[in-house]
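Hi everyone, thanks for coming. Let me put the structure up so that we can walk through it together.

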Amino acid sequence: MKAKLMMKGQIAVRGLGKGLTLRVLLDKIEGAENFDLGTVSIPAKSATSMHSRSFEEVIYMLSGTGECQMEDGTSYTLEAGDCILI
């Protein structure tokens, strides 16, 4: 695989509704066949809808705090520097 540099001006930004913003850093379009990387900005007092994926997902908290609720009802409070593999 050839190396790919993504400059911040090249990063796609997509609105997800409810004030959420997705920044796509790497995905298949950028040449990452088996990996996606992005950031999601979630404003205070906002949330994503419950959802599941057919693949592993990693959440790394850059700043702030948040709650991650699993399908079995288990809930985790995350803060800056925490990481969770789902």
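Let's start with the largest nonpolar core, which is made up of 5 residues: Met61, Cys68, Met70, Leu78 and Ile84. Please keep in mind as we go that this is a predicted model. If you are wondering about the general background, nonpolar side chains in soluble globular proteins tend to be buried together.

Take one member of that core, isoleucine 84. Which residues does isoleucine 84 touch, not counting those up to four places away in sequence? Its contacts are Glu57, Val58, Ile59, Cys68, Met70, Tyr76 and Leu78. Cys68, Met70 and Leu78 are on the core list too.

Now let's zoom out for a moment. Along the principal axes, the C-alpha atoms fill a box of roughly 40 × 25 × 25 Å. How much of the protein counts as buried? Of its 86 residues, 14% do. And if you take the contacts between residues at least 6 apart in sequence, 21% of them join residues at least 24 apart.

Strand S5, residues 65-69, and strand S6, residues 75-79, run antiparallel and are joined by 5 bridges. Cysteine 68, which you met in the core, stands opposite tyrosine 76 in S6. Between S5 and S6 there are 5 residues, and glycine 73 in that turn has a positive phi of about 95 degrees.

The other hairpin is formed by S1 and S2, with 2 residues between them. S1 covers residues 12-17 and pairs with S2 in the antiparallel sense over 5 bridges. Here glycine 17 stands opposite leucine 20 in S2.

Have a look at the loop between S1 and S2, where you will find lysine 18. Its phi is near 55 degrees, a positive value in a residue other than glycine. For background, most residues other than glycine have a negative phi. Lysine 18 counts as exposed because its relative accessibility is 67%. There is another lysine to look at, lysine 45, in the loop between S3 and strand S4 (58-60). Lysine 45 is not a glycine either, yet has a positive phi of about 70 degrees. With a relative accessible area of 89%, lysine 45 is exposed.

On to charges. How many salt bridges does a search of the whole structure find? The answer is 1. The partners are lysine 4 and glutamate 30, and their closest N and O atoms are 3.3 Å apart. This pair links distant parts of the chain: lysine 4 belongs to the segment before S1, glutamate 30 to the loop between S2 and S3, and they are 26 residues apart. Buried or exposed, or something in between: where does lysine 4 fall? Lysine 4 is partly exposed, at 44% relative accessible area, and glutamate 30 is partly exposed as well, at 24% relative accessibility.

Now for aspartate 27, in the loop between strand S2 (20-26) and strand S3 (37-41). Aspartate 27 is buried but has no salt bridge. Leaving out residues up to four places away in sequence, aspartate 27 touches Arg14, Ala32, Phe35 and Asp36.

One last stop: glycine 38, which lies in strand S3. Glycine 38 is partly exposed, with a relative accessible area of 39%. Which residues is glycine 38 in contact with, if we leave aside its neighbours within four places in sequence? They are Arg23, Val24 and Leu25. Leucine 26 is 12 residues away from glycine 38 along the chain, and their C-alpha atoms are separated by 6.7 Å.

That's my tour, and I'm happy to go back to any part of the picture.

Notes: Residues are numbered from 1 along each chain as its sequence is written. This is a predicted model: local features need pLDDT of at least 70, side-chain atom pairs count only at pLDDT 80 or more; totals for chains, interfaces and linings use all residues. Side-chain values use heavy atoms; hydrogens and water are left out. Helices (H or I, at least four residues) and strands (E, at least two) are DSSP runs, numbered from the N terminus. Buried means under 20% relative accessible area, exposed over 50%, partly exposed in between (1.4 Å probe, protein chains only). Lys and Arg count as positive and Asp and Glu as negative; His and the chain ends are not counted. A salt bridge is a side-chain nitrogen of Lys or Arg within 4 Å of a carboxyl oxygen of Asp or Glu. Contact means heavy atoms within 4.5 Å. A nonpolar core is a set of buried Ala, Val, Leu, Ile, Met, Phe, Trp, Tyr and Cys residues joined through side-chain atoms within 4.5 Å. Two strands pair if DSSP finds at least two bridges between them.
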